[in-house]
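Visitor: I am new to this structure. Please show me how to read it, one feature at a time.

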Amino acid sequence: MESNLYDFVPILMQVAFSVVFVFGTILASNYLGPKHRSSKKNQNFECGIDSIGDARTPFAVKYFLVAILFVLFDIEIIFMYPWAVNFKTIGLAGLLKMGGFIALLLVGYLYIVKRKALEWEK
């Protein structure tokens, strides 16, 4: 399996375009958006509803667990994308390695299901 840095140019271009798009959109909305400042608009709110109580109230740890699991399983896509781009060049050996990787992820997923980490109500 041979690869050089030119193989990763499409990935770098995609990352560069996405970063430019995100920051360009934020900057454009900041400069072009309406600016009507008032005390009512500076108040905290959530989902359009006035906030009630203290913002520092504790909430379930399961929320964080689900968020971390989402990030972990979302990051696997980062490993699969270069594999998919170079699938023809790496051939059967790459397919077997990716199969092992997916099998490890499946074991982790089955462990999560067995521990009932994704069930909200007990």
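Visitor: What should I know before I start?

Guide: This is a predicted model, where local features need pLDDT of at least 70, side-chain atom pairs count only at pLDDT 80 or more, and totals for chains, interfaces and linings use all residues. Residues are numbered from 1 along each chain as its sequence is written, and side-chain values use heavy atoms, with hydrogens and water left out.

Visitor: How far apart should the ends of helix H2 be?

Guide: Helices are DSSP runs (H or I, at least four residues), and strands are too (E, at least two), numbered from the N terminus. The expected span of a helix is 1.5 Å times one less than its number of residues. H2 covers residues 61-85, 25 residues, so it should span 36 Å. Its end C-alpha atoms are 38 Å apart, which agrees.

Visitor: Where does H2 bend?

Guide: A bend is the angle between axes fitted to the seven residues ending at a residue and the seven starting there. H2 bends by about 25° at Phe79. Pro82 follows within four residues.

Visitor: What about H3?

Guide: H3 (87-114) has 28 residues. A straight helix would reach 40 Å, but the end C-alpha atoms of H3 are only 33 Å apart. H3 bends by about 70° at Ala93. Just after H3, Lys116 takes a positive phi of about 60°.

Visitor: Which residues of H2 are buried?

Guide: Buried means under 20% relative accessible area, exposed over 50%, and partly exposed in between (1.4 Å probe, protein chains only). In H2 the buried residues are Lys62, Leu69, Glu76 and Met80. In H3 they are Ile90, Gly94, Met98 and Ile112. The cover over the buried residues of H2 includes H3, and the cover over those of H3 includes H2.

Visitor: Is Phe21 buried or exposed?

Guide: Phe21 lies in helix H1. Phe21 counts as exposed because its relative accessibility is 59%. Pro34 is exposed as well, at 73%. Pro34 sits in the loop between H1 (9-32) and strand S1 (45-46).

Visitor: Where is Asp7?

Guide: Asp7 is in the segment before H1. Asp7 counts as partly exposed, at 27% relative accessibility. The C-alpha atoms of Asp7 and Val85 are separated by 8.7 Å, though the two are 78 residues apart along the chain. Contact means heavy atoms within 4.5 Å. Leaving out residues up to four places away in sequence, Asp7 touches Glu2 and Asn86.
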